[in-house]
Amino acid sequence: RDLGVLSAVEHASFARCAFYSRVIENGRLRVIVVNSLLWDRSLAPEAPSGVDPCGQFAFLEVELAAARAAGQAVWVVGHIPPAINMHDVFEHRNDTARTPGSHYWLPAYEERYWRLVAAFNATIRVQVFAHTHRFAFNADEFVGVPLYILGAVSPVYDNWPNFFHVTIDDATLAPTRMQQHVFNMTSFTWEEGHELGATYNTSAGATPLSIAALHSVGSQLLSNDTAWATWRRMSAGGITTNDCTSHYCRAVGACFIFAAGTERFYRCLDGHV
């Protein structure tokens with residue numbers, strides 16, 4: 001706050017439990033920053049049904065309702081995603097995707113979050129998370145809002161440094177193009193990587209990076225060897241390490257796109273393995 005990064009209102013919320021929101025773009029866009037550590041399995045204790053740590057779900061619902069009433073678009077931003085640890089699954093190459101410990105969030109919080117996002121899917125344009133150092137995305141048609149997990153510039157988990165240049169539609173304030181840039185650790189040069197929509201032809205017959213367009217990528221991962229290999233390279237920032245080409249791994253990758261939430265993910269695996 002003293003440096004002018006946060007307003008007094010933002011600082012009061014952040015200082016209490018590390019979540020806050022800010023309205024930008026001349027009042028058109030509300031960015032809601034959630035503290036996903038409050039819902040993380042490794043840090044948060046298993047809580048009785050209905051418990052809301054720090055009142056964050058109440059905060060999120062109030063912010064989303066205010067944005068909808070004001071006609072604002074919303075970006076939800078956090079660190080640890082409501083997803084499985086795919087790197088761990090591919091590393092072990094077994095059915096670890098079905099073990100509770102493979103999911104970052106506690107199931108009750110994960111399900112509550114996804115229901116809230118689905119309820120406000122006409123207001124939320126995108127969800128952006130990180131933590132895994134691996135690029136991935138979810139495009140569950142039931143939820144109706146894309147979730148992106150962005151890579152990292154630190155090569156910690158067998159990944160090359162990478163980032164995305166994202167193009168935003170001025171009318172909808174939703175992402176329409178995502179160009180990856182990777183740092184080649186062999187030549188020590190920055191290079192232009194894949195552009196998500198062009199790589200998977202998601203613009204054909206659909207709005208670029210829409211739920212329908214992104215959902216189609218999951219089908220390609222199941223049926224197309226080149227699509228799977230490219231997705232794995234994009235995930236690790238331009239390099240493929242500890243690769244898993246089995247049908248099981250491909251089903252995990254596809255279901256990561258198809259299904260949000262633990263139970264929906266399990267049902268998806270049951271249908272593809």
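**Entry 1: a helix pair**

I started with helix α6 (residues 211–223) and helix α8 (residues 247–258), whose axes come within 8 Å and cross at roughly 175°. The model I am reading is a predicted one. An angle over 145° counts as roughly antiparallel, so α6 and α8 are roughly antiparallel to each other.

Next I looked up who touches whom. On the α6 side I noted L214, H215, V217, G218, S219, L221, L222 and S223. Facing them in α8 are H247, R250, A251, G253, A254, I257 and F258. Sorted by class, the contact of α6 with α8 has eight nonpolar, six polar and one charged residues.

**Entry 2: the six-stranded sheet**

In what order do the six strands of the open sheet run? I read β1-β2-β3-β4-β6-β5, and the pairing is mixed. At the edges I have β1 (20–24) and β5 (136–138), each pairing on one side only. Leaving direction aside, neighbouring strands here are turned by 20° against each other on average.

Strand β3 (residues 73–77) pairs with strand β4 (residues 124–129) in the parallel sense, over four bridges. For V74 I found the bridge partner I124 in β4.

Helix α8 turned up again at this point: α8 packs on the sheet and touches β5 and β6 (147–149). The direction of α8 makes about 50° with that of β5. I put this beside the first entry, where α8 also meets α6.

**Entry 3: disulfides**

How many disulfides does a search of the whole structure find? I got two.

The C17 and C54 disulfide has its sulfur atoms 1.8 Å apart. The link of C17 and C54 is left-handed, with -60° about the S-S bond. C17 sits in helix α1 (residues 8–17) and C54 in the loop between β2 (29–33) and α2 (56–70), so this pair ties together parts that are 37 residues apart in sequence.

The cut-off for buried is under 20% relative accessible area, so C17, at 9% relative accessibility, counts as buried. C54 has a relative accessible area of 30% and is therefore partly exposed.

For C255 and C268 I noted sulfur atoms 2.1 Å apart in a disulfide. This link of C255 and C268 is left-handed, with -85° about the S-S bond. C255 belongs to helix α8 and C268 to helix α9 (residues 262–272), so the pair ties together parts that are 13 residues apart in sequence. Both C255 and C268 are buried.

**Entry 4: the three-stranded sheet**

Last I went to the other open sheet, with three strands in the order β7-β8-β9 and antiparallel pairing. Which strands are at its edges? They are β7 (162–168) and β9 (189–195), each with pairing on one side only. From one strand to the next the twist averages 25°.

Seven bridges join β7 to strand β8 (residues 175–184), and the two run antiparallel. Opposite H165 I found Q179 in β8.

I keep coming back to α8.

Note on methods
Residues are numbered from 1 along each chain as its sequence is written. This is a predicted model: local features need pLDDT of at least 70, side-chain atom pairs count only at pLDDT 80 or more; totals for chains, interfaces and linings use all residues. Side-chain values use heavy atoms; hydrogens and water are left out. Axes are lines fitted to C-alpha atoms, for helices over the stretch in contact, and angles run from 0 to 180 degrees between N-to-C directions. Angles under 35 degrees count as roughly parallel, over 145 as roughly antiparallel, 65 to 115 as roughly perpendicular and the rest as oblique. Contact means heavy atoms within 4.5 Å. Ala, Val, Leu, Ile, Met, Phe, Trp, Tyr, Cys and Pro count as nonpolar, Asp, Glu, Lys and Arg as charged, and the others, Gly among them, as polar. Two strands pair if DSSP finds at least two bridges between them. A disulfide is a pair of cysteine sulfur atoms within 2.5 Å. Buried means under 20% relative accessible area, exposed over 50%, partly exposed in between (1.4 Å probe, protein chains only).
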